[in-house]
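Morning, everyone. Please have a look at the model on the screen, and then I will go through a few of its side chains.

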Amino acid sequence: MISSAAPPGSVGAAPGAVDASASAEFHAFFERHHAELARLAHLLTGETDAADDLAADALLALWHRWDRVRDADHPVAYARGVVANMARGRIRSTVRERRRVALFWSQRSEGADGPDVAAVVDVRQALERLPFRKRACVVLRHAFDLSERDTALALGISVGTVKSQTSRGMTELQRHLGAGAVDGLAGRRK
């Protein structure tokens, strides 16, 4: 249980005692950002079932370092970076990507509430074909509408790298999906 121990490094806390202010701050952070972090994990991995677990694992890791995280200039960017790193590790540890995608979609039900399920599937599959850094940049910039600076903070890379990886990722998506589909994705960014 998350609130059963103080974050490591809590000054003056007896072993097993809970720093009430740290616990309250973390709880508020969790409530505000869990859904966003799960969505990020889902878009980076393409795995609905794993997304919530990745977000929870990332938040648990943040809790264990909460004394440092809460003092960071950008705790949400730090959290996004943890999710991105965990997602990268998950992707690297899975079997070949096509097999993973085929297994994932074969287990999904046919019915879905959405305007164009085929288009959503196409975009997800095209995203999964991108190398991780390009995918992460495209997802954070376009699905999460983050600035180049915030994307760079989340991924621990330079703004220039975000710009080039996003541009190259969008070019690859255009090649996979066609110009019309990508124009709709990047409409806000022009």
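Buried here means under 20% relative accessible area, exposed means over 50%, and partly exposed is in between, with a 1.4 Å probe and protein chains only. This is a predicted model, where local features need pLDDT of at least 70, side-chain atom pairs count only at pLDDT 80 or more, and totals for chains, interfaces and linings use all residues. Residues are numbered from 1 along each chain as its sequence is written, and side-chain values use heavy atoms, with hydrogens and water left out.

Let me start with the rings. Rings of Phe, Tyr and Trp (its six-membered ring) pair if their centres lie within 6.5 Å; planes under 30 degrees apart are stacked, over 60 edge-to-face, and the rest tilted. There are four aromatic pairs in the structure. Phe 26 is in helix H1 (residues 20-45) and Trp 66 in helix H3 (residues 66-69), so the pair links parts of the chain 40 residues apart, where helices (H or I, at least four residues) are DSSP runs numbered from the N terminus. Phe 26 counts as buried because its relative accessibility is 2%, and Trp 66 counts as buried at 3%. Ring pairs join Phe 26, Phe 29, Phe 30, Trp 63 and Trp 66 into a cluster.

Next, the core. A nonpolar core is a set of buried Ala, Val, Leu, Ile, Met, Phe, Trp, Tyr and Cys residues joined through side-chain atoms within 4.5 Å. The largest one has 42 residues, and Leu 44 and Leu 62 touch the most other members. Which helix gives the most to this core? H1 does, with eight residues. Contact means heavy atoms within 4.5 Å. Beyond its neighbours within four places in sequence, Leu 44 is in contact with residues including Ala 84, Ile 91, Phe 132 and Val 139.

Thr 166 is in helix H9. Is Thr 166 buried or exposed? Thr 166 counts as buried, because its relative accessibility is 8%. A polar atom of the Thr 166 side chain lies 2.7 Å from the backbone oxygen of Val 162. Leaving out residues up to four places away in sequence, Thr 166 touches Cys 137, Val 138, Arg 141 and His 142.

Last, a loop. Asp 145 lies between H7 and H8. Its phi is near 55 degrees, a positive value in a residue other than glycine. With a relative accessible area of 44%, Asp 145 is partly exposed.

Note on methods: Helices (H or I, at least four residues) and strands (E, at least two) are DSSP runs, numbered from the N terminus. A polar contact is a pair of N or O atoms within 3.5 Å; within protein, one must be able to donate a hydrogen and the other to accept it, and residues adjacent in sequence count only if both atoms are side-chain atoms.
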